[in-house]
Amino acid sequence: MTMPFYVAPEQMMKDRAEYAQKGIARGRSLVATVFDGGILLVAENPSRSLHKISEIYDRIAFAGVGKYNEFDQLRVAGIRHADTKGFAYSREDVDARSLANLYAQFLGQIFTHEMKPLEIEILVAELGADGRPDQLYHVAYEGTITDEDRFAVLGGDAETIAERFAASSVDGWSLDEALRASLQALAGPDRDLEPGELEVAVLTDTNGRRAFRRLDHEELAVRLTEPVVEPKTRTRASRSAAAAAAAAAADPPEDDPAD
Amino acid sequence: MGLFLFSPGDDPGPDFGALLRRQDPGPSPLLAGSPDPLTVRHGTTVAALRYLDGVIMAGDRRATEGNTIAHRAMEKVFPADCHSAVAIAGAAGPAIEMVKLFQTQLEHYEKVEGVALSLEGKANQLGQMVREHLPMAMQGLVVVPLFAGFDLRREEGRIFTYDVTGGHYEEADHAATGSGGRDARTTIKLGWQPAMSRDAAIDLVVKALYNAADEDSATGGPDIIRGIYPVVATVTADGYERVEEVEVAERFGRMVEQGFGGGGSR
């Protein structure tokens with residue numbers, strides 16, 4: 001009779017995590033950020049038809065990195081979840097949080113119980129409405145879910161890209177500013193990314209009921225060559241900052257004793 | 001509601017109806033052999049016609065329950081997706097449910113597949129839904145939709161009519177269905193011309209619904225006291241657009257000024 005080798009659980013989890021991380025690191029990265037008119041999603045993706053970014057519901061978008069077949073299966077499952085829920089209840093009852101939780105449970109389940117973990121990381125973004133803020137849920141390969149405030153970076157080189165991105169990120173910036181910063185962060189100092197190597201989409205309120213819109217390569221080329229226009233009103237993201245500034249103006253702080 | 005994952009051999013693909021059936025096999029054919037047909041709400045007259053930029057679709061606002069008026073401001077014309085419209089006649093409950101399923105199905109397909117269905121594909125889908133409804137239709141709950149849209153590949157408006165068995169037929173220029181469909185059709189047939197302008201086409205369809213209401217008790221005419229006018233929508237290369245009710249009211253007012261609607265009994 002053969003006895004199975006004993007492997008310590010710590011070791012097993014570590015091996016699986018390493019395996020998943022390696023798989024994810026082989027793919028290209030993705031940046032999602034909040035701008036003054038909504039949410040921007042930028043992925044490095046040379047394919048025009050195998051999408052990393054997709055529409056889930058009226059105000060919800062999906063983005064995935066890693067193995068295409070694995071995250072695409074979850075993308076379709078997400079659309080099914082959202083459409084079924086919206087059909088059974090009401091369109092406004094569909095939210096990103098419950099979907100992100102389902103993804104997290106599924107990924108966690110696979111990570112602990114299956115031989116092979118999924119080599120993917122996914123992002124569920126929801127455009128805020130009626131005073132609710134925009135939401136970015138980042139779900140990692142082992143089911144860890146994080147609720148990001150202003151931006152999220154997914155993929156192998158996430159830490160470096162996030163550092164570069166954080167350095168240039170401004171509260172309430174315009175779409176063009178955010179787009180350029182995303183590109184620079186994804187590309188790094190040694191190379192340039194062409195519109196043909198990118199997949200870009202936005203969630204904005206200007207699109208009617210379905211907030212999701214892809215920016216095609218032609219539009220990207222135009223946006224990247226035109227000079228950046230400073231947004232006239234920084235409304236959305238900087239709302240709290242503006243309120244703080246107004247409060248400060250109404251109630252001036254006492255003179256600095258050092259003056 | 002969970003995450004719906006299937007093995008490749010068992011996957012419903014982009015078919016939302018098939019997905020729903022996986023979770024719930026559907027209502028059993030209720031009331032089998034019930035002697036009295038149910039008295040349920042019925043929607044009545046809808047019409048569509050082709051014009052220069054695409055198609056126009058319109059419907060009256062009355063719903064009836066037997067010989068009583070059940071609703072005065074019912075909507076019977078809906079956007080199916082951004083480039084097509086669906087109008088319904090028949091039992092209102094199942095008809096509205098069918099429209100909701102149809103809208104969800106078209107959007108579901110588009111999101112899963114990344115491209116929208118062709119107009120022919122959409123018309124076919126609706127036909128399948130009508131056919132699935134046949135057992136209910138046999139018990140008196142007949143639903144007959146009218147489908148029209150702008151075919152982006154052929155760059156023209158197209159109209160499809162249906163029968164209870166789910167058969168769908170493409171109409172050349174115009175169509176009308178429902179209890180007052182016959183009367184509406186006659187008006188449209190007499191006034192229709194190739195490549196009509198938007199103004200002329202809206203006037204014609206409003207006249208057609210007026211004449212249908214004049215002859216058919218189940219069709220509602222313009223209600224000036226309550227300000228209820230037919231729903232009119234256009235579908236062009238730019239998409240579905242509902243004609244403002246104010247505009248329909250103005251057009252109707254102008255037509256009356258020009259002497260339309262005479263010929264009452266002495």
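In the predicted model, chain A contains an open sheet of five strands, arranged in the order 8-1-2-9-10 with antiparallel pairing. From one strand to the next, the twist averages 15°. At one end of this order, strand 9 (residues 198–204) of chain A pairs with strand 10 of chain A in the antiparallel sense over four bridges, and within this pairing Val200(A) has Leu215(A) of strand 10 as its bridge partner.

Two helices of chain A lie across strands of this sheet. Helix 4 (residues 158–168) of chain A lies across strand 1 (30–35) and strand 8 of chain A, and runs at about 150° to strand 8, whereas helix 6 (residues 217–225) of chain A lies across strand 9 and strand 10 of chain A and runs at about 75° to strand 10.

Arg209(A) is partly exposed, with a relative accessible area of 44%, while Asp58(A), at 8% relative accessibility, counts as buried because the value falls under 20%. Both residues belong to a network of salt bridges in which Asp83(A), Arg91(A), Glu107(B) and Lys111(B) are also linked.

A further salt bridge is formed between Arg213(A) and Glu219(A), whose closest N and O atoms are 3.1 Å apart; Arg213(A) is partly exposed, at a relative accessible area of 29%. In chain B, Arg21(B) forms a salt bridge with Glu132(B), the closest N and O atoms being 3.5 Å apart, and this pair connects helix 1 (residues 16–23) of chain B with helix 3 (residues 119–132) of chain B across 111 residues of the chain. Arg21(B) is partly exposed, with a relative accessible area of 41%.

Tyr19(A) is found in helix 1 (residues 9–26) of chain A and is partly exposed, with a relative accessible area of 41%. When residues up to four places away in sequence are not counted, Tyr19(A) touches Lys116(A), Pro117(A) and Glu119(A). The C-alpha atom of Tyr19(A) is separated by 38 Å from that of Glu219(A), which lies 200 residues apart from Tyr19(A) along the chain.

Key
Residues are numbered from 1 along each chain as its sequence is written. Chains are lettered from A and ligands numbered from 1 in the order in which they are written. This is a predicted model: local features need pLDDT of at least 70, side-chain atom pairs count only at pLDDT 80 or more; totals for chains, interfaces and linings use all residues. Side-chain values use heavy atoms; hydrogens and water are left out. Two strands pair if DSSP finds at least two bridges between them. Axes are lines fitted to C-alpha atoms, for helices over the stretch in contact, and angles run from 0 to 180 degrees between N-to-C directions. Contact means heavy atoms within 4.5 Å. Buried means under 20% relative accessible area, exposed over 50%, partly exposed in between (1.4 Å probe, protein chains only). A salt bridge is a side-chain nitrogen of Lys or Arg within 4 Å of a carboxyl oxygen of Asp or Glu.
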